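Hi,

Here is the structure I promised to pass on. Have a look first, and my notes on the aromatic side chains follow below.

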Amino acid sequence: MFRGQIVAVVVAALLSGHCLAKSPATAPASATSVATSQASGDIPDPVIAEILAQVSPKDMPADRSAMVKSLGEHLDKALTLGQAALDKYPQASNRHVVLNMMLDAALLKVRFSGDPTLTAKAEELSRQIVDSNAPRAEKLKADFFVTRQELFGKDRTAGKVEPNEVASAIDAFVARYDSTPYKARSLAMGALLARTGGQDAQADKMLDLLQKDYAQDEEIRSFLRMAGRSPDVGSPFVAQLTKLDGSKLNLPGDMMDKVYVVDFWATWCGPCVAELPHMKDVYAKYQPKGAEFVGISLDTADSRDKLEKFIKDEQIPWIQTFSGASWADPTSSKYGVQSIPAVWVIGRDGKVISSNARETLETILDKALATPTSAPEATSASAPAEN
């Protein structure tokens with residue numbers, strides 16, 4: 001299973017002003033299966049399970065800062081246990097399983113600490129995976145990281161590599177996964193590499209292919225939105241939500257003929273909290289004009305009291321819904337929402353007008369409210385790229 005790797009490891013590191021919608025403490029750590037054929041001399045399954053438990057720890061603190069601190073300690077332990085396993089079983093055929101988990105740990109540590117020594121560690125681990133006898137699909141994440149470092153790492157910048165060399169290296173990277181189940185992910189990663197290298201035509205070609213053939217994949221949908229595309233625009237927004245008072249809100253049925261904003265957020269998300277005064281201002285301006293707001297909280301089940309207190313203390317006046325499932329929240333998972341705040345606008349016909357309305361919310365609402373019965377067509381202004 002590859003859930004969370006594109007965004008959590010690759011995209012999120014390139015974003016600012018967002019929180020991961022899927023908590024790193026609970027998202028599965030690796031595409032690599034931890035089940036191994038226990039050949040003689042292989043790293044035993046219990047050892048692998050122990051490392052995995054550190055990369056994807058359970059029962060983490062509800063407080064975000066405490067969670068990040070605890071996660072860092074778990075990731076350090078994962079790296080220590082992983083290295084001990086590699087040292088003890090130098091000829092193991094399943095070394096790549098441990099290497100991939102260690103790479104996950106190193107990249108997550110880079111994400112949350114910015115420690116440059118861990119970037120070097122991630123590159124070292126990636127090269128070991130790429131050079132191993134691991135199945136091709138198990139090498140994707142490492143291959144991406146190595147390719148990125150070779151083209152744009154600290155010792156080589158895009159200006160030092162000829163444009164045709166950059167394009168050829170990216171095409172070669174994607175081609176290595178053409179016949180694997182990870183073709184779509186390689187295209188997404190290839191598009192990121194192309195954008196970094198100034199190969200916009202190459203990136204657009206890959207994004208076009210992703211939107212044409214793979215937009216039903218929730219991770220790809222999220223990736224396309226982050227890349228400035230709008231795979232959900234024009235489709236109905238369908239969700240069965242539970243309000244904090246326990247009553248149900250079924251969309252689009254309960255909101256038909258209304259323009260409304262859907263706000264994916266959480267109390268632990270700093271950018272979400274920072275955005276709250278602006279959201280209150282927009283609500284005060286547009287609610288009298290007929291716009292409604294619906295909050296979808298991604299707080300965890302054990303944070304319900306904190307959520308309710310926060311809403312009361314901050315006097316948030318619009319509808320709030322809560323599943324208590326955090327990263328497994330059914331609506332955020334269905335629509336591939338993997339970073340928050342994520343602000344959507346739904347038209348009177350129940351169809352998505354914008355899945356990326358955070359920066360231009362008022363402009364989008366003005367147009368939506370002026371449209372009597374159908375959502376306005378998407379424009380580049382309604383779906384700006386998130387940088």
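Predicted model: local features only at pLDDT ≥ 70, side-chain atom pairs only at ≥ 80, totals over all residues.

Trp265 is buried, at a relative accessible area of 5%; buried here is under 20%, exposed over 50% and partly exposed in between, with a 1.4 Å probe and protein chains only. Phe310 is buried as well, at 15%.

Numbering runs from 1 along each chain as its sequence is written, and side-chain values use heavy atoms, with hydrogens and water left out.

Searching the whole structure gives 10 aromatic pairs (ring centres of Phe, Tyr or the six-membered ring of Trp within 6.5 Å; planes under 30 degrees apart are stacked, over 60 edge-to-face, the rest tilted). Trp265 and Phe310 make a tilted one, 5.8 Å centre to centre with 40° between the planes. They sit 45 residues apart, Trp265 in strand S4 (residues 259-265) and Phe310 in helix H12 (residues 304-314). Helices (H or I, at least four residues) and strands (E, at least two) are DSSP runs numbered from the N terminus.

Phe293 and Trp318 are also a tilted pair, at 5.2 Å and 50°. Phe293 is in strand S5 and Trp318 in the loop between H12 and strand S6, so this pair ties together parts 25 residues apart in sequence. Both residues are buried.

There's also one aromatic cluster, made of Phe237, Phe264, Tyr335 and Trp344.

Cheers
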